[in-house]
Amino acid sequence: VGAGATTSTYWDAAIETMSPADLRSLESTRLARQLAYVAEHSPWYRERWAAAGVRLDQVDGVDALALLPLTEKRDIARAQLEGELFGPNQCAPTERIVRVVATGGTSGQPIRLGWTRDDVLAYGEMGARALWTMGCRPTDLVVNCFNYSLYAGGVMDHGAFEHLGAAILPYGVGQSRRLLDTLAQIPAEISLYATPSYAIRLAELAADVGIDLPSLGVRKGFFSGEAGLQVEGYRRRIEDVWGLTAHDLYGVAELGCQSGECEYRTGMHFGGAGLVAAELIDPDSGAVRPMVDGAEGELVFTALQREACPLVRLRSHDAVVVYTDRCPCGRTGFRFHVRGRSDDMFVVKGLNVFPRSIQEALLELRPDVTAEYFVVLPDPPPFDDDPELYLEVGRGVPVDAYPRLADAIREVLARRVGVGATLRLMPPGSIASEHKTIRLYRAYEGRQPPPALLDRVLWSSRRAAP
Ligand SMILES: [Zn+2]
């Protein structure tokens, strides 16, 4: 268990600067113990491994994990829908479970996860490592604007800040106007923990009510839940409007595995060393890809010391690019950037599109648009029609300027992303949410934006004729 001295670069120097060979050996020992535990307590995992023709003694280290089948969140969601409390991966009896959270439903059914005392401790340890990497220190006063209602960003991440030793104010979501007053009343420097889009939404609100954001004294922003900070221009916008330094955090609610970027901003340092094993796979075939500098693929995670609800080879569905060259901070593990949800990638006329590339293109048109957006795909693949793009117009753009603005949007999308779009213009502040903002709706799978959101459309371009 780490415990960084306030002046130290690392929360846990031994693990964060360990040689790759030593780490592989440590993780392989822990993996053997974890797999034996899971096989003993989860008939479901035991049977799946047997069905795949694998004996546990063949999995003789983290490099051999690929012998085991992948786990999908929906495997667990299905069992819960059929009436199980936690599902087929529950390995500790319920009396040892001290906390229950639900993981987000932005893609698919939310699932309940139980945590024992030691599981909570491990979550805190990983979180503290990542937060320390991002510059959080025990002297920080952190206002948590994540949802405390069941989700990991609330109580679980709250615990990670406490584990590090920071003072945390459990604000939660909603009451944004009162939040601005609360921040104004705190006579000290503040750190904010929120989604990037919520920081933007608060900025819109502050502009509406005439509050000068930099005067609130928020000097560090820890952002998670969305990959917005990696969007060129978005980070700068948040930093400029608040007068803070923004730090990016990556988390997977099911694993509590959190990774943060250091002061050199060379990508997210994987924070799970020794607690969670990471693999890179081809999202289509599931085949493992070598974790070499510049490799792309989807991250897959295996908890190495989980008691209540272990997860072996859980697909994250996060598409990343990996870096293994040395970071000046001295941490030895791999780093990565999230390119988008591998499920969110869609193909229009043969072209791979991540919703985030649309946001990057829209930033060119600020302040005529806010760059808050979502995409609706009306038809199943292959998409030969243009997707529907809903986006916020900037403050004060007059209605008669909408057609010209639409032309400019189409031009920048064609030039930077290579796609056309049917456009739906929305009022500023209508899309960015205090929860995770959903960027892609596959309407053909019955996933539609909320009607209240669709009611706010100001202007539409016609859908292109087939
Ligand atoms: Zn670094």
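Which residues in α5 meet which residues in α6? Keep that question in mind as we walk through this predicted model.

Let's begin with how the two helices sit. Two packed helices are described by the angle between their axes and the distance between the axes. For helix α5, residues 117-133, and helix α6, residues 155-164, the angle is about 70° and the axes are 7 Å apart. Angles of 65 to 115 degrees count as roughly perpendicular, so α5 is roughly perpendicular to α6. The crossing of α5 and α6 is right-handed. Now for the residues themselves: α5 brings Leu 121, Tyr 123, Gly 124, Glu 125, Gly 127, Ala 128, Leu 131 and Trp 132, and these meet Met 156, Asp 157, Ala 160, Phe 161, His 163 and Leu 164 in α6. Sorted by class, this contact of α5 with α6 holds 9 nonpolar, 3 polar and 2 charged residues.

Helix α2 (residues 20-41) packs with helix α3 (residues 43-51) at an angle of about 105°, their axes being 5 Å apart. That angle makes α2 roughly perpendicular to α3. From α2, the contact uses Leu 35, Val 38, Ala 39, Glu 40 and His 41, while α3 supplies Pro 43, Tyr 45, Arg 46 and Trp 49. By class, the contact of α2 with α3 has 6 nonpolar, 1 polar and 2 charged residues.

Next, have a look at the metal site. The zinc ion has four protein donors, namely Cys 262 (SG), His 269 (NE2), Cys 327 (SG) and Cys 329 (SG), at 2.1 to 2.3 Å from the ion. The angles among the 4 donor atoms run from 98 to 119°, and the site is tetrahedral. Along the chain, the donors are spaced as C-x6-H-x57-C-x1-C. Within this set, Cys 262 and Cys 327 link distant parts of the chain, 65 residues apart. Cys 262 is in the loop between β8 (257-261) and β9 (268-269), whereas Cys 327 is in the loop between β13 (314-323) and β14 (335-341).

Finally, a few backbone details are worth a visit if you like to check torsions. Leu 150, in the loop between β3 (141-144) and α6, has a positive phi of about 80° although it is not a glycine. Arg 313, which is not a glycine either, has a positive phi of about 60°, and its place is in the loop between β12 (296-303) and β13. Further along, the peptide bond from Arg 366 to Pro 367 is cis, with omega near 5°. Pro 367 lies in the loop between α10 (355-363) and β17 (369-377).

Methods. Residues are numbered from 1 along each chain as its sequence is written. This is a predicted model: local features need pLDDT of at least 70, side-chain atom pairs count only at pLDDT 80 or more; totals for chains, interfaces and linings use all residues. Side-chain values use heavy atoms; hydrogens and water are left out. Axes are lines fitted to C-alpha atoms, for helices over the stretch in contact, and angles run from 0 to 180 degrees between N-to-C directions. Helices (H or I, at least four residues) and strands (E, at least two) are DSSP runs, numbered from the N terminus. Angles under 35 degrees count as roughly parallel, over 145 as roughly antiparallel, 65 to 115 as roughly perpendicular and the rest as oblique. A crossing is left-handed if the near helix is turned anticlockwise from the far one by less than a right angle, and right-handed if clockwise. Contact means heavy atoms within 4.5 Å. Ala, Val, Leu, Ile, Met, Phe, Trp, Tyr, Cys and Pro count as nonpolar, Asp, Glu, Lys and Arg as charged, and the others, Gly among them, as polar. Donors are N, O and S atoms within 2.8 Å of the metal (3.2 Å for Na, K and Ca); water is not among the atoms, so sites may look incomplete. Four donors count as tetrahedral if all angles lie between 85 and 135 degrees; four count as square planar and six as octahedral if opposite donors are over 155 degrees apart and all others between 65 and 115; anything else is irregular.
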